[in-house]
Amino acid sequence: MLKSVFLQQPPCLASSCFSRITCGSKMSTTVEPLIRNFVPIERNASISHSDGYKFSLVSYNILAQAYVKSALFPHSPSACLKWKVRSQAILTVLKNLGADFLCLQQELDEYESFYKKNLESVGYSSIYIQRSGQKRDGCGIFYKQNCADLIIQEKIDYNDLVPPLKDGTDKCEEKDGRVSGKGSDESKTDTDLENTKGGDRGDPNDPRVRMKRDCVGVMAAFKINGPSDHHLIVANTHIFWDPTWADVKLAQAKYLLSRLAQFKTTVTEIVGCVPSIIVAGDFNSVPGDQVYKYLVSGTSLGGPQEESYEDLRIPLSSVYACTRGEPHFTNCTPGFTGTLDYILFSPEKDIKPVSLLELPESESFDVSGGLPNYQHPSDHLPIGAEFEVIC
C-alpha cells in the first residue's frame, strides 16, 4: 500500500466554487454531497469561437460497494458507507455534475441494478465492461444521448498480457473468485481484503501469476452532435494498484496505448477522418512515476530490455497538468493522499480544454479526516474538463 502524509496546501479560497446538494436521506440531514463547479482555465475561456461548441467529461472512481467495509474505512462514518446512503449520494453527485460523458471506473459495480437505469432516466446511454474472472466490478462510459452517437466500442482486457502455455492449460485458475498471486485486486483497500483471506496466492515471479490482474478498460468512438461532424474516441480504464509491481502497471499502460492506436486506425477508416482522443481513468500512478511519464510522453523509460510498442504510441497530455497543474490529490484516506486519476487528451488543433472541475485543497473541511464521508461518497474525487471543439 502506498504511504503518504496528508498533503499540506493552502485552504480553499473560493467558497463559491461548489454547491451542497442535500441527499434527502432520512438517516441524517448532514448527508450533503458536495458538488464543485467547472472553472474557466482562462479569463476568456467561457467565450466560444463562433463556429465552436463544447462538451464536458468527468472521470470518477466511485468505489465498488463490494469493497466498502467499516473495517477497511474505520475513519468514515459508518452510516455513509451503507449502500442505501452511498448510492443516492453518488447519484446526486453524477446528476448535478451534468457532464456529457461520465467515465466511471472499476470500481463500478451494481451497474445493471442501479447505475444503468438511474442514469438512463436523466438522458444517459452507457457501455459497461465487467472485470475478468469472477470480479463484480468494471468500467463504464455513460454519455448523453443528445450529445453524442455511439459508433463502435472495444473492450481492453489486460489479462491479454498473460503469456500462453504451450499445452494450453492455465496454472492461474482462480480460487474463491480471486486470482492466484498476491495483490490481485486494484483498490488499495484490497490489501486488507487479501490479509483477511490469507492463503497461498501463487508465485509472483511467475509471469502468468504476475500479469493476471483482471484489470479492464473500454474504448468507444462517438460522433459529437454539433455543427460539424466531429468524431471522438473516449477510453476509460483502471490500472493495477500495487506500487511495488511497477512493471505490471507499465505493461498495462503500454498495452493501453497499443490498443488505442489500433482502435484509432479502425475508427479513422470507418468515419473517414481522424478522431480526437480522450483517455480517462484511475491509473494508480502519481505524477512523475514511470506510468505517468510513459502516458504523457509516449515513450518507455525502462531501457531496451523492456518489451515496447514503439510503433503504436499516441502522444497525450494531461488536461490538468497542461493548464493549472495536476491536483494535489484525487484519492484521500488516512493511509494515502495523492493524485492517481487523470484525464488525458490528444493535443489537436481542433479540440482544447477550456474549463476544469474544481477540486478541494487539503485543508478543506470536506476532506478532513479522509474519504469516504457524507460530502464525498468515494475515497476518490471526481475530476473533469470541458472541451471546446473548434470547427
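## A buried cysteine

Cys-147 has a relative accessibility of 7% and so counts as buried, where buried means under 20% relative accessible area, exposed over 50% and partly exposed in between, with a 1.4 Å probe and protein chains only. The model is predicted: local features need pLDDT of at least 70, side-chain atom pairs count only at pLDDT 80 or more, and totals for chains, interfaces and linings use all residues. Residues are numbered from 1 along each chain as its sequence is written, and side-chain values use heavy atoms, with hydrogens and water left out.

Another cysteine, Cys-103, is buried with a relative accessible area of 0%. The closest cysteine sulfur to that of Cys-103 belongs to Cys-139 and is 9.2 Å away, too far for a bond. A disulfide is a covalent bond between the sulfur atoms of two cysteines. Here it is taken as a pair of cysteine sulfur atoms within 2.5 Å, and by this rule the count is zero.

Helices (H or I, at least four residues) and strands (E, at least two) are DSSP runs, numbered from the N terminus. Strand E7 covers residues 138–144 and is mostly covered, with seven of its seven residues buried. Gly-138, Gly-140, Phe-142 and Lys-144 point one way from E7, while Cys-139, Ile-141 and Tyr-143 point the other way.

Two strands pair if DSSP finds at least two bridges between them. Strand E5 (residues 101–108) runs antiparallel to E7 and is joined to it by five bridges; in this pair Leu-104 stands opposite Gly-140. Strand E6 (residues 124–130) is also antiparallel to E7, over seven bridges. Ile-127 has Ile-141 of E7 as its bridge partner.

## Helix H2

Helix H2 has 15 residues (83–97), and its end C-alpha atoms are 21 Å apart, which agrees with the 21 Å that it should span at 1.5 Å a residue. The expected span is 1.5 Å times one less than the number of residues. Among the buried residues of H2 are Val-85, Arg-86, Ile-90, Leu-94 and Leu-97.

## The six-stranded sheet

An open sheet of six strands has the order E8-E9-E10-E11-E15-E12, with mixed pairing. Its edge strands, E8 (148–157) and E12 (317–318), each pair on one side only. Within the sheet, E11 (residues 276–282) and E15 (residues 341–345) are antiparallel and share five bridges. Gly-281 stands opposite Tyr-342 in E15.

Helix H6 (residues 246–271) lies across E8, E9 (216–224), E10 (230–238) and E11, and runs at about 145° to E8. Axes are lines fitted to C-alpha atoms, for helices over the stretch in contact, and angles run from 0 to 180 degrees between N-to-C directions.

In helix H7 (residues 290–297), the residues Val-291, Tyr-292, Tyr-294 and Leu-295 are buried. Seen down the axis of H7, the buried residues fall within an arc of 165°, so they line one face of the helix; the arc is that of the directions from the helix axis to the C-beta atoms. These buried residues of H7 pack against H6, E12 and E15, contact meaning heavy atoms within 4.5 Å.

## A loop residue

Leu-161 is found in the loop between E8 and helix H4 (190–197). Leu-161 is buried, with a relative accessible area of 17%. From Leu-161 to Arg-213 the separation is 52 residues in sequence and 9.6 Å in space, C-alpha to C-alpha.
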